[in-house]
Structure formats: structure tokens, C-alpha cells
Amino acid sequence: MRVVEIAGGAGPAEALILADRPDPEAGPGQIRIRVRAAGINRPDLLQRLGRYPAPPGASDILGLEVAGEVDQVGEGASRWSVGDRVCALLGGGGYADFAVVDTRHALLIPDGVDLIEAAALPETVCTVFANVFEAGGLKAGETLLIHGATSGIGVTAVQMAKAAGARVIATSRGPDKTAAALRLGADLSLDATADDMEAGIAAFGGADVVLDMVGTDYAALNQAALKPFGRWVVIATLSGSTAQIDLARLMMKRIVLTGSTLRARPADEKARLIAAVEAMVWPWIASGAVRPPVEATFPLERASAAHLALEAGGHVGKIVLTT
């Protein structure tokens, strides 16, 4: 099969090269997917740079989510049949013609969702569900503040929060992205390059949950923006991983600060998460209430160009590789 490898083990986007490897075989409790599309995520960029190694037992090939058809079923994977259209959450291995995955980490693609759209879902939807709804405890009628609202995670969080009956405050950079967040359903969209975000959030009534992908630069803003009993959930640290926190303010507001990653979670925990997503989120996908936009697609052999596009930051939504 064709795979994307990193020349030298780590490097810039141009280090991504096409190579051949033996086709993987589905073992007990696994299925093999004929990959048609693979979502690209920021952890892929970090792994390419040598900063986010694959967890033990995972493929060293980049790629955390794929969509395609089941073409081999291992012993004990009786839920699936050859030909089923599925998308799946991976620990690695998505940038390839075939991927082997734990049968419990796959989801049936609803009718009306194409394979490119489906490839943009598993990693993103699971991340939002685990952090916004489980760790953040977002409920109908509450307000979610999303930093980086036009990123792949951000656009999904906007749509999932609205589907759950919450209000959304979006922050992004520049007027085009600010307008895009409104089109996606945000109730208030603020331009981080021009607006007084603290004043705008305060005038809107504050936030119950913050989904923070920025880190250092927005730490003071988040502490000001959160209402009493607010939840501050950190999932990325694009501006840095250290922050000054006013502990007295946290105590007075009874703020909960938490964070998580997804990739290194045990297989059983991922299976639990997939089952919860299937029960709560998949009906929204099937109905069209949640359908995050795909900004661009690139063929597998142009993975380097796809990474450059993600690094440039001009996208709204997901970038996907196709095979």
C-alpha cells in the first residue's frame, strides 16, 4: 500500500514523502478499512516535527481519523461486514491506502454523508464531546466560549453546542473568519485582531464553559469571561503552555480548570467515548444539524501541501487527504 512517511523521521512539511509498505492485516477484534479520505489535525503537524510521538502500539504513520469501506473483518469483529461505509478514530496510520482499527473505534457513516465529510468527523467530534460536554459539562441554555472558532475543532464545537441548545461566543482572527463563525451559528463572533473581547463577552453575559486552544495569551481573558461555577477546558496551547492564574479569582468564582488529550487514552476508554458519541452526536450528523465544513482536499501524494495549508491558518473548517 501507499503511505506517507517523514523523511529523516522529523522535519518541515516538505519532509512528507510517498512510500510503499506491506498491506496490514486485521487481527482479532479489528477491521481493515480501505481508506478513501483521512482528516488532517494539528497533532499530525506536531508529530511531523518530532514533538508528539505515536503512543506505544500505534502506527508511526500520521493520521488520526479516516473514512472508507471495511474490506477485511478480524475474528470477533462481528458488528461489521465487508463493504460497510465507516469512519474511525485511530492512534495513527491514517495517511495510507489501508488502516487497521479496533472494531469498537469505528462508526457507521450515515446516509447523505460522503466519505470526505466523514473523514473530518471522528477525531474532531470525539475531542469536542469529551471536552465540551463531558469535562466542560455544557448544558442547554448555557454559553460556550470558543477560541479559534473557525479551526477544525472550532467549527465542530460551534455546531455541536448549538445542536445541544447552548449559546456560542466565537473568537477568531480577522473579519472573514468572524463572519464565517456567524454563518456557522455563533450567537456572538468577535475579531481577536480588532474587538475588545473582554468587553464584548461581558456585554453578552459571560461564559459558562471556555474551550481554549490558545493557552498563555488568553488566560487572563478566560478568567474574566467565566461566570461563577464556570469550566475552563484546555485542549491546545498554540500561544504557550504557561499562564498566570489568579487563584483568588478562581476561588471566588468557583472556576474549574481542566484539560485533556485524546490520542493516548486506553482502547477501552476510546471505545466508551465512541459509544457515547454514537448515541448523542451521531443523530445530529445524520440529520445535518452538525456537518462541519471541509475547506480543502489534497491527494495523498500532496500531503506536504496539505500540511502547509493547515500551518498557514487561513482555512475555515477541515483539510482532508484523499486516496
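Before listing any pocket I noted how one is found: on a 1 Å grid over the protein atoms alone, a pocket is an open set of points where a 1.4 Å probe fits, with protein on both sides within 12 Å along at least five of seven lines, and lining residues have an atom within 4 Å of a point. Grid points are joined across faces, edges and corners, and a volume is the space filled by probe spheres set on the points. The model is predicted, so that local features need pLDDT of at least 70 and side-chain atom pairs count only at pLDDT 80 or more, while totals for chains, interfaces and linings use all residues. Residues are numbered from 1 along each chain as its sequence is written, and side-chain values use heavy atoms, with hydrogens and water left out.

Entry on the second largest pocket. I read a volume of about 560 Å³ for the second largest pocket. It is lined by 30 residues, of which Gly 57, Ala 58, Ser 59, Gly 92 and Val 100 are the closest to its centre. Strand S6 (98-102) and helix H9 (267-280) each give at least two residues to this lining (strands, E, at least two residues, and helices, H or I, at least four, are DSSP runs numbered from the N terminus), and the largest share, five residues, comes from S6.

Entry on the largest pocket. Here I found a volume of about 1100 Å³. Among the 43 lining residues, those closest to the centre are Arg 42, Ser 151, Met 213, Ala 236 and Leu 238.

Entry on helix H11. I looked up which residues of H11 (303-312) are buried, and they are Ala 303, Ala 305, Ala 306, His 307 and Leu 310; buried means under 20% relative accessible area with a 1.4 Å probe, protein chains only. Their cover includes strands S1 (2-6), S2 (16-20), S14 (294-299) and S15 (318-322), together with helix H1 (42-48). Just after H11, Gly 313 has a positive phi of about 80 degrees.

Entry on Gln 223. This residue sits in helix H7 (219-225), and I count it as buried because its relative accessible area is 3%. A polar atom of its side chain lies 2.8 Å from the backbone nitrogen of Asp 246. Beyond its neighbours within four places in sequence, Gln 223 has contacts (heavy atoms within 4.5 Å) with residues including Trp 232, Gln 244, Arg 249 and Ile 255.

Notes: Buried < 20%, exposed > 50% of the residue type's maximum accessible area, 1.4 Å probe, protein only. Polar contact = N/O pair within 3.5 Å; in protein donor to acceptor, adjacent residues only side chain to side chain.
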